[in-house]
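Here is a short walk through one protein model. Keep the sequence and the structure in view as you read.

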Amino acid sequence: MAESKPKLLIVEDSPDLRRGLSDGFAKTGEADVVAAAASGEEALDLCLALPAGPPDAVLMDVRLPGAMNGVEAAVALRRELPRLPVVFYS
């Protein structure tokens, strides 16, 4: 039986870096980027509304514009999905 690839949500406010991260994961073939968000608020909305269910993990920029920075967005996500792994970078 083939092992399924982890589904990732990328949260990055820079469009170029967001696209680069998505493209990089696609090229490795080791993970599927199922969604990408530019803010913490968008990440929360996307994570809860994905038709195939929540991602397996979130790759989150610590510094995000808007009402929630990356840490605050992760706290909000973990309130809804307590076992969701969040990996931070800055």
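Leu 64 sits in the loop between β3 and α3. The model is a predicted one. Is Leu 64 buried or exposed? Its relative accessibility is 11%. Buried means under 20%, so Leu 64 counts as buried. Now look at what surrounds this loop residue. Arg 79 is another matter: 15 residues separate Leu 64 from Arg 79 in sequence, and their C-alpha atoms are 19 Å apart.

Two of those partners lead to the next stop. Gly 40 is one of the buried residues of α2, and Gly 70 is one of the buried residues of α3. How do these two helices lie against each other? Helix α2 spans residues 40–49, and helix α3 spans residues 70–80. Their axes come within 9 Å and cross at roughly 20 degrees. Angles under 35 degrees count as roughly parallel, so that is the word for α2 and α3. The crossing of α2 past α3 is right-handed.

Which residues make the contact? From α2 come Gly 40, Ala 43, Leu 44, Cys 47 and Leu 48. They meet Ala 73, Ala 76, Leu 77 and Glu 80 in α3. Sorted by class, this contact has 7 nonpolar residues, 1 polar residue and 1 charged residue.

Take α2 by itself. Its buried residues are Gly 40, Ala 43, Leu 44 and Cys 47. Seen down the axis of α2, these residues fall within an arc of 100 degrees, so they line one face of the helix. The face of α2 turned away from the buried side carries the exposed residues Asp 45 and Ala 49. On the buried side, α2 packs against β1 (7–11), β2 (32–37) and α3.

With a relative accessibility of 0%, Leu 9 counts as buried. Which residues does Leu 9 touch, leaving out those up to four places away in sequence? Ala 35, Ala 36 and Ala 37 are among them. Leu 59 is 50 residues away from Leu 9 along the chain, yet their C-alpha atoms are separated by 6.2 Å.

Now cross to α3. Its buried residues are Gly 70, Ala 73, Ala 74, Ala 76 and Leu 77. They cover an arc of only 160 degrees around the axis, which puts them on the same side of α3. These buried residues pack against α2, β3 (57–61) and β4 (86–89). Val 75 also lies in α3. Its relative accessibility is 43%, so Val 75 counts as partly exposed. Val 75 and Asp 56 are 19 residues apart along the chain, with 16 Å between their C-alpha atoms.

Helix α1 covers residues 15–28, and Gly 20 lies in it. Gly 20 has a relative accessible area of 38%, so this residue is partly exposed. From Gly 20 to Glu 42 is 22 residues in sequence and 19 Å in space, C-alpha to C-alpha.

Note on methods. Residues numbered from 1 in each chain as written. Predicted model: local features only at pLDDT ≥ 70, side-chain atom pairs only at ≥ 80, totals over all residues. Heavy atoms only, no water. Axes fitted to C-alpha atoms, helices over the stretch in contact; angles between N-to-C directions. Helix = DSSP H or I, 4+ residues; strand = E, 2+ residues; numbered from the N terminus. Parallel < 35°, antiparallel > 145°, perpendicular 65-115°, else oblique. Left-handed = near helix turned anticlockwise from the far one by under 90°. Contact = heavy atoms within 4.5 Å. Nonpolar A, V, L, I, M, F, W, Y, C, P; charged D, E, K, R; others polar. Buried < 20%, exposed > 50% of the residue type's maximum accessible area, 1.4 Å probe, protein only. Arc of directions from axis to C-beta.
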